[in-house]
Amino acid sequence: LGFPDAAERQAKLRLAYALNRLLTGRKLSQAKAAEVLGVTQPKVSALRNYKLAGFSVERLMNLLTALDQDVDIVIRKKPHSRKVARISVVAA
């Protein structure tokens, strides 16, 4: 869509998707999820609805660790076949 911060937006979206899958799988209410994550219920509501303006990539990663998930960051040289480097998030 031409956003200057498209890579960050995509990373946040993928992290939020992983968080929401975990919360759904654990069948946590928003109030219980807020307690487990150490945030307010309105923040959980925003997360569940993918309103991510109030969340940084770092904060989303910390929320994943609160749900007993490891978050690995791998840095490697881009292939010569690609013109620009990229940021990607892959949920296992």
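In helix α4, the buried residues are L60, M61, L63 and L64. They span an arc of only 155 degrees around the axis, which places them on the same side of α4; the arc is that of the directions from the helix axis to the C-beta atoms. Here buried means under 20% relative accessible area, exposed over 50%, and partly exposed in between, with a 1.4 Å probe and protein chains only.

Please keep in mind that this is a predicted model: local features need pLDDT of at least 70, side-chain atom pairs count only at pLDDT 80 or more, and totals for chains, interfaces and linings use all residues. Residues are numbered from 1 along each chain as its sequence is written, and side-chain values use heavy atoms, with hydrogens and water left out.

**The chain as a whole**

- The chain has 4 helices and 0 strands, and its pattern along the sequence reads α-α-α-α.
- Both kinds of element are DSSP runs numbered from the N terminus: helices are H or I with at least four residues, strands E with at least two.
- Taken along the principal axes, the C-alpha atoms fill a box of roughly 50 × 25 × 20 Å.
- Of the 92 residues in the chain, 25% count as buried.
- Among contacts between residues at least 6 apart in sequence, 63% join residues at least 24 apart; a contact means heavy atoms within 4.5 Å.

**Helix α1**

- With 21 residues, α1 reaches 30 Å from its first C-alpha to its last, close to the 30 Å expected at 1.5 Å a residue; the expected span is 1.5 Å times one less than the number of residues.
- The buried residues of α1 are A11, K12, L15, A16, A18, L19, N20 and L23.
- These buried residues of α1 pack against α2 (30–37), α3 (41–48) and α4.
- N20, found in helix α1, is buried, with a relative accessible area of 5%.
- Leaving out residues up to four places away in sequence, N20 touches L47, R48 and Y50.

**Around α4 and α2**

- The cover over the buried residues of α4 includes α1, α2 and α3.
- An α-helix has 3.6 residues a turn, so residues three or four places apart point the same way.
- A31 is found in helix α2 and is exposed, with a relative accessible area of 51%.
- A31 and S45 lie 14 residues apart in sequence and 9.4 Å apart in space, C-alpha to C-alpha.

**Two positive phi values**

- K27 sits in the loop between α1 and α2, and its phi is near 55 degrees, a positive value in a residue other than glycine.
- K27 counts as exposed, at 76% relative accessibility.

**The segment after α4**

- I87 is found in the segment after α4 and counts as exposed at 54% relative accessibility.
- Despite that label, I87 touches A7, Q10 and A11, not counting residues up to four places away in sequence.
- I87 and I75 are 12 residues apart in sequence and 9.4 Å apart in space, C-alpha to C-alpha.

**The largest pocket**

- Rolling a probe the size of a water molecule over the atoms shows where empty space is left.
- The largest pocket has a volume of about 1000 Å³.
- Of the 31 residues that line the largest pocket, D72, I73, S88, V89 and V90 are the closest to its centre.
- The elements giving two or more residues to the lining of the largest pocket are α1 (6–26) and α4 (57–66).
- The largest share of that lining, 8 residues, comes from α1.
- By class, the lining of the largest pocket has 19 nonpolar, 2 polar and 10 charged residues; Ala, Val, Leu, Ile, Met, Phe, Trp, Tyr, Cys and Pro count as nonpolar, Asp, Glu, Lys and Arg as charged, and the others, Gly among them, as polar.
- On a 1 Å grid over the protein atoms alone, a pocket is an open set of points where a 1.4 Å probe fits, with protein on both sides within 12 Å along at least five of seven lines, and lining residues have an atom within 4 Å of a point.
- Grid points are joined across faces, edges and corners, and a volume is the space filled by probe spheres set on the points.
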